[in-house]
Amino acid sequence: MSAQRTVLSTQVGIVGGGPAGLMLAHLLGRAGIDSIVVEKRDKDTIHATHRAGILEAPTVRMLTDSGVDGRVLTEGHEHEGTVLRFEGESHRIDFKELVGESVWLYPQNEVFLDLADARERDGGDVRWSVTDTEVVDLTTDRPGIRFTDAAGEDFEVRCEILVGADGSQSICRRAIPEQERTDNFIEYPFAWFGILAEAPPSAPELIYSNSEHGFALISQRSGTVQRMYFQCDPEEDVDDWGDERIWAELQRRVEGPDGLRLQEGPIFDKTVLKFRSYVCEPLRHGNLFLVGDAGHTVPPTGAKGLNLAFCDVRVLAPAIVEFFRTGDGTGLAGYSATALERVWKAQNFSYWATHLMHTQPGENPFNQKRRRGEFKAITGSERGAAYFAESYTGWPDDR
């Protein structure tokens with residue numbers, strides 16, 4: 001340790017100031033548990049990073065009932081269903097009617113802003129723009145985080161519980177010896193070409209469309225900005241795609257007998273989003289606990305990423321509170337197994353929905369016709385539609 005390093009002490013050290021880390025810090029703070037959060041990015045950069053967001057009802061309740069902010073209700077958009085479109089025919093899945101739940105369209109970067117503002121309002125200790133972060137002594141009763149702050153000063157945080165909420169490239173996960181963890185991983189042979197465009201909404205709810213030309217997702221961002229995606233090769237170069245070509249491709253992915261046409265406008269953001277699924281087992285090593293993308297990632301088709309991270313927090317936060325209030329570590333001991341039950345259900349749904357919606361490279365006509373049968377089994381049966389609705393809107397915490 002550097003002779004110039006300042007040592008700080010807290011109950012919980014959290015690496016990662018995204019939504020999962022900040023929500024955990026917020027819930028702990030409300031219970032009187034001290035924490036320090038360290039984040040390599042600055043607040044403005046994270047907020048400016050456009051991320052889509054479909055929030056399950058329990059996620060919305062976490063934001064509103066815990067006193068974070070109510071903007072999700074005033075500025076978000078409640079969706080009581082979604083549309084599955086196959087070969088130009090649309091079928092609406094009515095979430096409210098089938099399972100009594102809704103989802104909310106509310107961008108992830110706005111969730112982040114609400115949580116960051118709440119930590120600032122409540123006097124939470126969040127260190128932005130840190131560098132040279134490392135975690136040490138994970139299997140001791142005083143694990144540590146070392147980092148250099150934005151002013152160039154070296155710090156070391158010593159805590160009783162260390163949480164890795166630092167995303168898919170997690171340094172916390174990589175600090176777990178390879179022989180102590182199992183990395184479950186698959187990569188998909190396609191990606192999403194995503195755009196943000198200045199245009200009015202093309203539909204009141206999301207449209208998941210599969211055609212012989214491939215998959216497209218028609219989403220919204222606001223009344224004037226729309227988010228859309230279409231299936232592409234993972235190595236696609238965004239510079240090869242001008243606005244006219246992009247709109248032509250999206251239009252042909254959704255065209256059908258009903259004459260559906262997308263509202264077009266200037267495109268101001270283009271990106272290629274590669275698909276992968278990953279699960280680390282276990283989600284605990286010593287006194288280090290992983291939450292969110294640090295421990296697992298899913299393809300975006302099933303809208304599970306942020307929601308699954310908040311599910312982790314809903315399991316871990318009360319276990320930490322119980323430990324500090326009573327000394328009972330039962331909840332902490334069971335955290336990984338409990339969280340992984342939900343993680344693998346979400347992985348299954350995300351994998352299934354991804355293969356349902358996408359055309360596989362080089363697939364033959366049998367596969368597309370089989371997929372048509374699967375679509376009809378879902379949309380033509382109340383029980384089939386209910387399975388999709390429950391999986392998409394989120395399972396109760398006790399299931």
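The following exercises, each with a worked solution, concern a predicted model.

Residues are numbered from 1 along each chain as its sequence is written, and side-chain values use heavy atoms, with hydrogens and water left out. Because the model is predicted, local features need pLDDT of at least 70 and side-chain atom pairs count only at pLDDT 80 or more, while totals for chains, interfaces and linings use all residues.

**Exercise 1. State where UniProt places the feature "domain: FAD-binding" and describe the secondary structure of that stretch.**

Step 1. The unreviewed UniProt entry places this feature at residues 10-349. UniProt positions are given in the numbering used here, feature names are shortened, and annotations may be inferred rather than shown by experiment.

Step 2. Over residues 10-349 the chain is 32% helix and 32% strand. Helices (H or I, at least four residues) and strands (E, at least two) are DSSP runs, numbered from the N terminus.

Step 3. The end C-alpha atoms of the stretch are 38 Å apart.

**Exercise 2. Determine the partners of strand S3 and the directions in which its side chains point.**

Step 1. Strand S2 (residues 12-15) pairs with S3 in the parallel sense over 4 bridges; two strands pair if DSSP finds at least two bridges between them. Val15 has Val38 as its bridge partner in S3.

Step 2. Strand S9 (residues 125-127) runs parallel to S3 and is joined to S3 by 3 bridges. Here Ile36 stands opposite Asp125.

Step 3. In a regular strand the side chains alternate between the two faces of the sheet. Within S3 (residues 35-38), Ser35 and Val37 point one way and Ile36 and Val38 the other way, and all are buried. Buried means under 20% relative accessible area, exposed over 50%, and partly exposed in between (1.4 Å probe, protein chains only).

Step 4. Together with helix H1 (residues 19-30), S2 and S3 make a right-handed β-α-β unit. A crossover is right-handed if, with the strands pointing away from the viewer, the path from the first strand over the helix to the second runs clockwise.

**Exercise 3. Give the strand order of the open sheet of 4 strands and identify its edges.**

Step 1. The order is S1-S12-S11-S10, with mixed pairing.

Step 2. Strand S1 (6-9) and strand S10 (131-136) are the edge strands, each pairing on one side only.

Step 3. Neighbouring strands of this sheet are turned by 20 degrees against each other on average, direction ignored. Axes are lines fitted to C-alpha atoms, for helices over the stretch in contact, and angles run from 0 to 180 degrees between N-to-C directions.

Step 4. Strand S11 (residues 144-148) and strand S12 (residues 154-158) pair in the antiparallel sense over 5 bridges, with Glu156 in S12 as the bridge partner of Arg146.

**Exercise 4. Describe the backbone at Asp132, Ala303 and Pro282.**

Step 1. Most residues other than glycine have a negative phi, and most peptide bonds are trans.

Step 2. Asp132, although not a glycine, has a positive phi of about 55 degrees. Asp132 is found in strand S10 and is exposed, with a relative accessible area of 63%.

Step 3. Ala303 has a positive phi near 55 degrees. Its place is in the loop between strand S21 (296-297) and helix H9 (305-326), and Ala303 is buried, with a relative accessible area of 13%.

Step 4. The peptide bond from Glu281 to Pro282 is cis, with omega near -5 degrees. Pro282 lies in the loop between strand S18 (267-281) and strand S19 (284-285).
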